[in-house]
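Reader: I have a chain to go through with you. Can we start with its overall build?

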Amino acid sequence: MQRFPLIITLLLTVSLAYYIYTPLPDALQEQWKLMLLDASFRTITYTAALMQWFGFGHHITSTRKYVEALEITDPEFFPGVKVSDETFSGVPVRVYEASGGERGLKRGLLYFHGGGWAYSSAKTGAYDKMSRIWSDELNAVVVSVEYRLYPEVQFPVPYLDCLTAAKYFLSSEVLSKYSIDPERVAVSGDSAGGNLAAAVAQAISQDSSVKVKFSAQALIYPAVQALDFNTPSFLQNQNMPVLSRPFMAQFWMQYLGADLSLMGQFLSNNHSSLQQPVLTPELRARYDWTTLLSPEHQKNYRPVVADEGSEGILETVPGLLDVRASPLLAKSEVLSKCPKAYIMTCEFDVLRDDGLMYARRLQEAGVTVTSAHYEDGFHGCFSFLFWPLDFDVGKRALRDYINWLQDNL
């Protein structure tokens, strides 16, 4: 009987280690910290799903509450930055104003947070802290947009919230109010926020009614297409923390209002099969990774193009072909008018190829692009900066991002 507690302890320890352990590539640093982070996210997700099964609200709403409870928000972080909550044409935003630094007009930075169009907030945790850092170090007015999220809304509402906030921010009255130099205003975002930033940058560049244009865009591992879930990076990193291939497909389907029972069709690329007449050769070329990626990133993968697929799915989910949702599908003449770009990608990220393809298409359209690729990077690392979720690659990425904005804005 004396051995029984020891056996139980050993079994629990082994079970916990099995739950936490995920095989990771050798190039990834701080592996156990990443495993613990991923296990924590999985635990929260499973708990929220169980809560929904028992009738305690939507699993995404529950997940938000759990994550926000764990995030550390410090109102005294960078006390020299003035923080205020405002509304821009009805869209909630948080404004960060640097009080020190050089005199004269300031830079302006409009930021859209990530989170799969379903999670996160401009006002809490890492996003709040990063905005304070950017404002202080760049002598900038940073506006972080609190756009509406799934399941409360779907596309195009988050995009329209961001576009509305952008137009308001770029008005001469608002720029003057915050003493912002109209020649030094950038739009930026990470992941789903990178998607929104790219789409808004395209729209603003085309809108003749908006006199002040963005002079730069900084996109952090952006999601820019939902027609191919079998790019080399989707396959290479399909089970990688913190964003797996099925999770990314689910985020897209939720955002675009697709029936989640079609998940298998999306993962098999049946939604973009050769049977879809609207997908002309010209349109397919805009997301063809066999021509847009270097051999280094194509590796030994082969394109997955289904001969037959789900009939009528593109009509049922029109957002799949809407450039406001999928900026990679924009015509070259649209891309040519976009501002210079900084595009960050990570080797161990399902969205790596999205960012690389978008960088290539912008370059081919004549846009100046700075590509920052992290061989030891993973999805989400850009915002994992603060204890206990601090990663060295995230700190390097943040420093490179700030340095680029200092030099180009």
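Author: A definition to begin with: the radius of gyration is taken over C-alpha atoms, and the globule rule is 2.2 Å times the number of residues to the power 0.38. This is a predicted model, in which local features need pLDDT of at least 70 and side-chain atom pairs count only at pLDDT 80 or more, while totals for chains, interfaces and linings use all residues. Residues are numbered from 1 along each chain as its sequence is written, and side-chain values use heavy atoms, with hydrogens and water left out.

Reader: What radius of gyration does the protein chain have, against that of a compact globule?

Author: The protein chain has 22 Å, which agrees with the value near 22 Å for a compact globule of 409 residues. Its C-alpha trace spans about 75 × 55 × 45 Å along the principal axes.

Reader: How many helices and strands?

Author: There are 17 helices and eight strands, taken as DSSP runs (helices H or I, at least four residues; strands E, at least two) and numbered from the N terminus.

Reader: What share of the residues is buried?

Author: 56% of the 409 residues, where buried means under 20% relative accessible area with a 1.4 Å probe, protein chains only.

Reader: Which residues have the most contacts inside the largest nonpolar core?

Author: Phe 112, Met 248 and Trp 252, in a core of 89 residues. Such a core is a set of buried Ala, Val, Leu, Ile, Met, Phe, Trp, Tyr and Cys residues joined through side-chain atoms within 4.5 Å.

Reader: Which helix gives the most to this core?

Author: Helix H7, residues 192-206, with eight residues.

Notes. Buried < 20%, exposed > 50% of the residue type's maximum accessible area, 1.4 Å probe, protein only.
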